Structures are given as C-alpha cells and as structure tokens.
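Hello,

Here is the structure I promised to hand over. My notes follow below it.

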Amino acid sequence: MLLHDTALIYGRYLRQSLRSRLALLFGVLMPLLYLLLFGPLLTDLPLGGQGSSWQVLVPGLLLQLALFGASFAGFSIIVENGQGVVERMRVTPVSRLALLLGRVLRDATVFVFQAVLLVLAALVMGLRAPLPGVLVGFAFVALLTVSLASLSYALAMKVRTPGEFGPAVNALTMPSMLLSGLMLPMTLGPAWLDGLSHLMPFRHLVDAMRDAYVGSYATAHMLYGALVAVALAALAVTVGTRVFRTARA
C-alpha cells in the first residue's frame, strides 16, 4: 500500500509540474546564468583542484539548483493549507510517509531533469566529464533534493504565511551556499574558512561530486559525500513524516 499510495501522490504532483512547463525551464535559469556569465571568467584559472574549471564549477551549480529549488518547495504546502487540500489528504487512509514521499520524489524528478539540461548546456560550453561521474552527480542532486524538500515541507507545515517561511529559508540557504564552496573550492580561501566549511554537510557533497567529474570514485571525499547524502535524506524523511503525522493542517 505504501508503494501504491506514493505512486498516487507522485503522479498527482508530477502532472501538476508537467502542466507548468515554463516553471520547469525558469527553475534552471539562475544556474544557467552562472554557467554562461560566470563560467567563462574561470577558464584556465588555477582553482586548486583536479580537472578543468568546468569540472569544478558545474558540480557546484547542480547542487545549487537542488539547494535553492528544494529549500523553497514548501511554499506549495502553504498554498495547499490555505485551500484545505492538505487537511483533506490527511483525513484519508493514505500513508503519511506516502504524502511526503510522493511530493519529494516529484521534486527529485523535476530537479534531476533540470540538472540534465544544465549539464547539456555545460557540454556545449566546454565541460568534459566521464559519463559515470555525471550519473553520480545526478544521484547526489536527487538525494539532496529529497533531504531539503522534506525539511522544507516540514517547516511549511509549521508556519502559516509565506512571510514567515521565506526569511527562515533564506537564513539557512545563503550561509549553506557560501560555506559549501558551491561556486569555488573552499581551499582557495584562508585556512580558518576552509576548516569552518567542513562543518557544513553540503561541503562533503560538493567535494564528492567534483571527484566524480574527474573520474575519481574511490576517494575519501566520495565516501564521506555518499554517507552524508544518504544519512541526511533518511533523517529528513523521518522528520518530515513525523510532522505530516502530527502537525495541525
């Protein structure tokens, strides 16, 4: 029944996304602008890592796509709460885990699709990366989306207005972006900033994806990144499910 319920919720929200094709394309606009307008500035610069500047920049942009997109996914819950949609769903026999999983799997599908578009554009710009590494990158995007979308929905169930939700998300996403080295490796900064960035879980995902994009898979970065991504997803889904079960719609 969990699989059936999840598929039902997933199909409902995926159809909503497919009906809004402009939203799918505009969602990738910001990372694409970084790619087109910021990427050429880094060409041939020594960035302190393996591979080309594109192999450093593109993994960060993919995770940036998931970070900002998934973190703001909870806005839809606020709208549905106001319309009574969530309340009607929660009084049905549908599993509370399915109510969450259906949504976050839709989000993961959308952001992986947008990540594919971004990688195709990067290939035109000059990115060269092994196919297994690119696929590993998509897996990290999916896991990060599941994690952040779950927490975003949980937060949205606890607040009442977009005015409460937006600033809270911004207060978390901006430091996460700056301290994770999404745009440039943190090793380029002072030692204290590099050390501080290791406390940010997303830093490990960034390092792992950059290793994957140069074809290095059996590395400490890859191990730590995979462990952090899976653990964060499991914790976030657990928290999100509990909130869906107990929060007052």
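The lining of the largest pocket splits into 13 nonpolar, eight polar and three charged residues. Please keep in mind that this is a predicted model. The pocket lining counts 24 residues. Nearest the centre of the pocket lie S17, A23, R106, D107 and V110. The space inside comes to about 500 Å³.

Which elements give two or more residues to that lining? They are α1 (2-18), α2 (21-26), α3 (29-42), α4, α5 (75-83) and α7 (96-125). Of these, α7 gives the most, with five residues.

α4 with α7. The two axes come within 10 Å and cross at roughly 155 degrees. That angle makes α4 roughly antiparallel to α7, because angles over 145 degrees count that way. The crossing of α4 and α7 is right-handed. On the α4 side, the contact is made by W54, V58, L61, L62, L65, G69 and A70. They meet F111, Q114, A115, L118, V119, A122 and M125 in α7. By class, this contact has 12 nonpolar and two polar residues, and no charged ones.

α4 with α11. Helix α4 covers residues 53-71, and helix α11 covers residues 201-213. They pack at an angle of about 135 degrees, with their axes 9 Å apart. The two helices are therefore oblique to each other. Here too, α4 passes α11 in a right-handed crossing. From α4 come Q55, V56, V58, P59, G60, L62, L63 and L67. Their partners in α11 are F202, L205, V206, M209, R210 and Y213. The classes in this contact are 11 nonpolar, two polar and one charged.

α5 with α8. Helix α8 runs over residues 131-158. Its axis and that of α5 come within 8 Å and cross at roughly 35 degrees. This crossing is right-handed. S76, I77, I78 and N81 in α5 meet Y153, A156 and M157 in α8. The residues of this contact divide into five nonpolar and two polar, with no charged ones.

To tie the two parts together: α4, α5 and α7 are among the elements that line the pocket.

If you open one view, start at the pocket centre, with R106 and D107 among the residues nearest to it.

Best wishes

Terms used. Residues are numbered from 1 along each chain as its sequence is written. This is a predicted model: local features need pLDDT of at least 70, side-chain atom pairs count only at pLDDT 80 or more; totals for chains, interfaces and linings use all residues. Side-chain values use heavy atoms; hydrogens and water are left out. Axes are lines fitted to C-alpha atoms, for helices over the stretch in contact, and angles run from 0 to 180 degrees between N-to-C directions. Helices (H or I, at least four residues) and strands (E, at least two) are DSSP runs, numbered from the N terminus. Angles under 35 degrees count as roughly parallel, over 145 as roughly antiparallel, 65 to 115 as roughly perpendicular and the rest as oblique. A crossing is left-handed if the near helix is turned anticlockwise from the far one by less than a right angle, and right-handed if clockwise. Contact means heavy atoms within 4.5 Å. Ala, Val, Leu, Ile, Met, Phe, Trp, Tyr, Cys and Pro count as nonpolar, Asp, Glu, Lys and Arg as charged, and the others, Gly among them, as polar. On a 1 Å grid over the protein atoms alone, a cavity is a set of points where a 1.4 Å probe fits but cannot get out, and a pocket is an open set with protein on both sides within 12 Å along at least five of seven lines; lining residues have an atom within 4 Å of a point. Grid points are joined across faces, edges and corners, and a volume is the space filled by probe spheres set on the points.
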